[in-house]
Amino acid sequence: MIRFKTLSFAMPLVALASVVFAQKSLPVTVLKSATENKVDISIGGRPFTSFLYPDSLEKPVLYPLRAASGTVVTRSFPLESRAGDPTDHPHHIGLWFNFENLNGLDFWNNSYAIPANKKNMYGWVRTDRILETKSGDKGILTYHANWTNQQKDVILEETTRYEFSGDDNQRIIDRFTTLKANKDAAFNDAKDGLLGIRLAHELQMPNSEDTKIAGQVNLASGNYVTSAGKTGDDAWSTRAIWCKVFGKMGTDSVSISIIDHPKNVNYPTFWHARGYGLFAANPLGEKVFTNGKSEKMLHLKKGESVTFRYRIVVNNGKQTISTTQLNELAGSFAKK
């Protein structure tokens with residue numbers, strides 16, 4: 001039994017438009033490295049992303065993410081160095097999934113920057129085996145991981161299945177994550193969670209620092225929009241079925257969209273979308289996002305489980321993906 005408190009919320013049904021004409025899907029290759037803790041994913045023969053799970057990282061990540069054009073849409077730091085990329089928040093790496101307060105441990109903020117004498121306050125997501133890799137019209141990657149404390153005591157067992165697909169202008173990641181409690185597990189309402197992406201500098205919202213260096217190549221030009229019509233900074237702390245960040249990267253219009261699923265806890269999710277480049281969906285931060293008016297406490301008894309489902313869509317071209325197209329993708333994802 002899953003127990004939680006939440007503010008009741010009614011979301012109007014989204015009217016789906018007529019079917020969007022899709023481009024021909026490209027073949028996907030999923031290749032596990034024989035020498036590294038890494039799985040490479042290519043679409044149409046071009047690198048898309050890599051699943052990284054070395055012991056040197058405090059959680060597994062997809063890094064980097066690329067648009068179909070090959071443009072890298074995630075920040076390089078701390079794994080690489082790229083001119084113009086900020087170097088704050090070293091725990092923000094590519095695309096990841098964890099939480100700030102599970103049984104009092106902070107999984108979200110753990111990184112190499114935490115002093116050794118404070119590591120006992122943080123948690124790790126340790127990938128112990130790859131369960132499936134499959135190439136084809138759709139690429140499949142399934143792995144098992146343990147959410148542990150510093151002593152490697154297991155709180156949760158994670159089983160995640162990724163489905164990768166794409167065409168000439170689009171890349172899609174469908175993520176299905178089941179968390180099973182190895183002991184009583186309490187997700188205590190907290191701001192930092194659950195599915196996060198750290199954006200390339202160009203997709204950040206412009207600020208005063210960018211106006212001072214307007215001649216640089218990777219000038220920030222990002223903005224947010226949600227399915228509920230919120231834009232810019234107003235997207236933060238609001239609920240919506242999907243949220244899109246978009247901007248110019250070179251001569252291309254590029255966007256990354258995250259789509260929530262009706263079966264997820266506390267649907268539609270709250271958006272932890274920050275102008276400085278953090279783009280996250282967090283259904284379990286309600287107390288912060290509502291200024292204390294309500295809260296979300298998700299508790300699992302030993303043996304209980306919960307599943308989270310998300311779709312991530314990366315687009316590039318002359319213009320970014322439309323609201324109609326995103327509603328279509330949200331509608332098809334809701335049926336999975």
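This is a predicted model: local features need pLDDT of at least 70, side-chain atom pairs count only at pLDDT 80 or more; totals for chains, interfaces and linings use all residues.

Mentor: Residues are numbered from 1 along each chain as its sequence is written, and side-chain values use heavy atoms, with hydrogens and water left out.

Trainee: How do you know that the radius of gyration of the protein chain agrees with a compact globule?

Mentor: The radius is taken over C-alpha atoms, and the globule rule is 2.2 Å times the number of residues to the power 0.38. For 336 residues a compact globule would come near 20 Å, and because the protein chain has 19 Å, the two agree. The C-alpha atoms fill a box of roughly 50 × 50 × 45 Å along the principal axes.

Trainee: What makes strand 5 largely enclosed by the rest of the structure?

Mentor: Strands are DSSP runs of E with at least two residues, and helices are runs of H or I with at least four, numbered from the N terminus; the protein chain has three helices and 18 strands. A residue is buried under 20% relative accessible area, exposed over 50% and partly exposed in between, with a 1.4 Å probe and protein chains only. Five of the five residues of strand 5 (residues 95-99) are buried, so the strand is largely enclosed. L95, F97 and F99 point one way, W96 and N98 the other way, and all are buried. In a regular strand the side chains alternate between the two faces of the sheet.

Trainee: Why are strand 5 and strand 11 said to pair?

Mentor: Two strands pair if DSSP finds at least two bridges between them. Strand 5 and strand 11 (residues 193-198) have five bridges in the antiparallel sense, with W96 opposite G196. Nine bridges join strand 6 (residues 124-134) to strand 7 (residues 139-148), also antiparallel, and these two form a hairpin with four residues between them.

Trainee: Is L31 buried or exposed, and what decides it?

Mentor: L31, which lies in strand 1 (residues 28-32), counts as exposed because its relative accessibility is 55%.

Trainee: Which residues does L31 contact, leaving aside its neighbours within four places in sequence?

Mentor: Contact means heavy atoms within 4.5 Å, and on that basis L31 is in contact with K38, V39 and D40.
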